[in-house]
Structures are given as structure tokens and as C-alpha cells.
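Subject: Structure handover

Hi there,

Here is the structure I promised to pass on to you. Have a look at it first, and then read on for my notes.

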Amino acid sequence: MGPHSRILDAYTNVLLPPPPAGTGICEGCADVVVPISIAVSGEQLARELGEYKYNRVVAVRKKYSDGLLTVLAHFLRTHEGCLAADVGTDRFDLVTIVPGSKLTAEAHPLGAMLGRRLGQTARRFAHALTATGPNTREVRPRSFHVVRDIDAQAVLLVDDTWTTGASLQSSAAALKGAGARAVAGLVIGRRVDADDPSARRVLAHARSEVFDWGACVLCRTA
């Protein structure tokens with residue numbers, strides 16, 4: 001077993017399958033939003049999604065970045081076609097990220113993953129958005145500015161964490177307003193508060209299933 005397979009096997013025990021599409025969990029300005037996994041507060045995936053950006057130790061940031069890159073790469077190889085088909089396109093013309101509230105675009109490790117380290121997306125990646133204000137956790141398209149021509153393009157908009165969804169949905173709305181013909185959102189972790197009573201049903205269902213790399217929230221409903 002190679003290192004790639006060992007990393008995927010390790011994450012199989014960490015990731016939790018999100019509910020299939022149609023449950024109303026991720027609806028809004030993007031044409032579709034697909035989470036790879038549920039990220040439960042205080043548990044490993046949620047910690048990694050914070051510390052791959054902000055841990056003070058370079059070796060720790062690299063370790064988590066390498067792991068999350070492997071997750072993202074495998075998911076895209078397997079399921080990018082599901083997202084593209086769902087928004088009515090053969091492929092995405094542009095891959096970009098939701099700008100961070102604390103990191104510049106150039107310093108964001110997710111941009112480095114998609115723009116330099118992942119061959120599947122590197123040639124299509126560009127920083128298309130800048131944040132014009134702080135993260136208010138409210139959908140405000142004017143909080144993001146589109147900095148390149150995206151007219152009539154199908155855009156894959158990637159974020160590491162979905163908490164309220166405001167940043168991704170605001171970014172999607174800004175892209176649509178600038179002429180994008182389709183926007184699909186992809187998030188590594190849909191963050192859920194373990195102590196939130198409203199999340200108990202979703203968490204109980206997720207914990208009752210084994211994470212399946214071959215099934216995303218879209219193709220599970222096909």
C-alpha cells in the first residue's frame with residue numbers, strides 16, 4: 001500500500017458522510033454546494049481545517065495540508081464530474097477559492113493546493129475574488145469583488161469550511177453578478193456543533209454510516 005492509499009485509509013475513519021442532496025442543508029446563491037464530509041466541532045477534521053492555516057508550527061501546518069490535499073485530490077478525481085453535470089456543464093472553466101478573512105489570497109494554503117500542487121486543477125485555477133470587508137456571517141455579495149473576467153464561465157468555487165455558508169454564498173452571488181453562467185460550491189468540511197440540538201439527527205445518521213469515497217451527496221441520490 002502506497003502513502004496515498006494509507007492517507008485515504010486513515011481519513012476514512014475520520015470523515016463523516018453528509019446527508020444526500022435535497023435535504024436543504026446547503027441551499028442558496030450557488031447552483032449547488034457539495035460538502036465532502038461533516039466536520040464536527042472539537043473532532044479531528046474540524047481541528048485540521050483550522051490548524052492547516054493557523055498552527056504556529058510549520059511542520060504541523062504542512063502535515064495537515066498534505067493530508068487535506070490528498071482528500072481533496074481524490075474527491076475531485078472521483079466526483080468533479082458529478083458537480084459539473086449537476087450545474088449543466090461538461091467541465092469547469094475556472095477553479096477558485098473563497099477569500100479568507102485573515103489570510104491574503106497568496107498566503108492561503110487552499111489556493112496553493114489547487115493552483116500549484118494539484119495537477120487536475122492547476123491550469124484552471126486563478127484567484128478570482130477579493131474580500132472587501134470582514135466576515136459578518138451574513139450573505140452580502142458586496143463583501144466580495146470579482147477581479148477577473150468570468151463572463152459565461154462555469155466556476156468551481158472551493159472553500160475549506162462551511163459554518164454558516166455566508167462567505168461561500170456571498171462569493172457565489174458576486175460571481176453570478178459578474179456574469180458566471182454556473183457556480184458550484186465545494187467544501188471540505190461542513191462544520192457542525194456537537195452540542196447543537198438541531199444537529200443531532202444529522203450527526204446520528206452520519207455516524208451510523210461508513211464513509212464511502214465512491215459516493216458524494218449528488219451521486220448518492222442519482
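What pattern does the chain follow when read along the sequence? The order is α-β-α-α-β-α-α-β-β-β-α-β-α, and the secondary structure comes to seven helices and six strands. Please keep in mind that this is a predicted model.

**Overall build**

A compact globule of 222 residues would have a radius of gyration near 17 Å, and the chain agrees with that at 16 Å. Along the principal axes, the C-alpha atoms fill a box of roughly 40 × 40 × 35 Å. Of the 222 residues, 49% are buried. If you take the contacts with a separation of 6 or more, 75% of them come from residues 24 or more positions apart.

**The cores**

The largest nonpolar core has 43 residues, and L83, L114, L156 and L186 have the most contacts inside it. At least two residues each are supplied by α1, β1, α2, α3, β2 (94-97), α4, β5 and β6. Which element gives the most to this core? That is α3, with 10 residues. In general, nonpolar side chains in soluble globular proteins tend to be buried together.

Leaving aside neighbours within four places in sequence, L186 is in contact with V34, I36, L72, F75, L76, L83, L156, L157, V158 and D159. There is also a second, separate core of 20 residues, which includes V33, A128, V146 and A174.

**Helix α2 and K53**

Helix α2 covers residues 44-54, and its buried residues are L45, A46, E48, L49, Y52 and K53. Seen down the helix axis, these buried residues fall within an arc of 165°, so they line one face of α2. As a reminder, an α-helix has 3.6 residues a turn, so residues three or four places apart point the same way. The buried residues of α2 pack against α1 (3-12), β1 (32-40), α3 (58-86), α4 (109-117), β5 (154-162) and β6 (182-192).

Is K53 buried or exposed? K53 counts as buried because its relative accessibility is 18%, and the cut-off for buried is under 20%. What does the side chain of K53 make a polar contact with? The partner is the side chain of D160, at 3.0 Å. Beyond its neighbours within four places in sequence, K53 is in contact with R61, L103, H108, P109 and D160. L15 is 38 residues from K53 along the chain, and their C-alpha atoms are separated by 19 Å.

**Helix α6 and S171**

S171 is found in helix α6, which spans residues 166-177. With a relative accessibility of 0%, S171 counts as buried. Setting aside neighbours within four places in sequence, S171 is in contact with V98, P99, L129, F144 and L157.

**Salt bridges**

How many salt bridges does the count come to? There are seven, and here are a few to look at.

- K176 forms a salt bridge with D31, the closest N and O atoms being 3.1 Å apart. K176 lies in helix α6 and D31 in the loop between α1 and β1, so this pair ties together parts that are 145 residues apart in sequence. K176 is partly exposed at 29% relative accessibility, and D31 is partly exposed at 39%.
- R181 forms a salt bridge with D93, with the closest N and O atoms 3.5 Å apart. R181 is in the loop between α6 and β6 and D93 in the loop between α3 and β2, so the pair ties together parts 88 residues apart in sequence. R181 is partly exposed at 43%, as is D93 at 34%.
- D66 forms a salt bridge with K62, the closest N and O atoms being 2.7 Å apart. D66 and K62 are four residues apart in helix α3, so about one helical turn separates them. D66 is partly exposed at 21% relative accessibility, whereas K62 is exposed with a relative accessible area of 52%.

K62 and D66 also belong to a network of salt bridges that links them with R117.

Enjoy exploring the model!

Best wishes

Methods: Residues are numbered from 1 along each chain as its sequence is written. This is a predicted model: local features need pLDDT of at least 70, side-chain atom pairs count only at pLDDT 80 or more; totals for chains, interfaces and linings use all residues. Side-chain values use heavy atoms; hydrogens and water are left out. Buried means under 20% relative accessible area, exposed over 50%, partly exposed in between (1.4 Å probe, protein chains only). Contact means heavy atoms within 4.5 Å. A polar contact is a pair of N or O atoms within 3.5 Å; within protein, one must be able to donate a hydrogen and the other to accept it, and residues adjacent in sequence count only if both atoms are side-chain atoms. The arc is that of the directions from the helix axis to the C-beta atoms. A nonpolar core is a set of buried Ala, Val, Leu, Ile, Met, Phe, Trp, Tyr and Cys residues joined through side-chain atoms within 4.5 Å. A salt bridge is a side-chain nitrogen of Lys or Arg within 4 Å of a carboxyl oxygen of Asp or Glu. The radius of gyration is taken over C-alpha atoms; the globule rule is 2.2 Å times the number of residues to the power 0.38.
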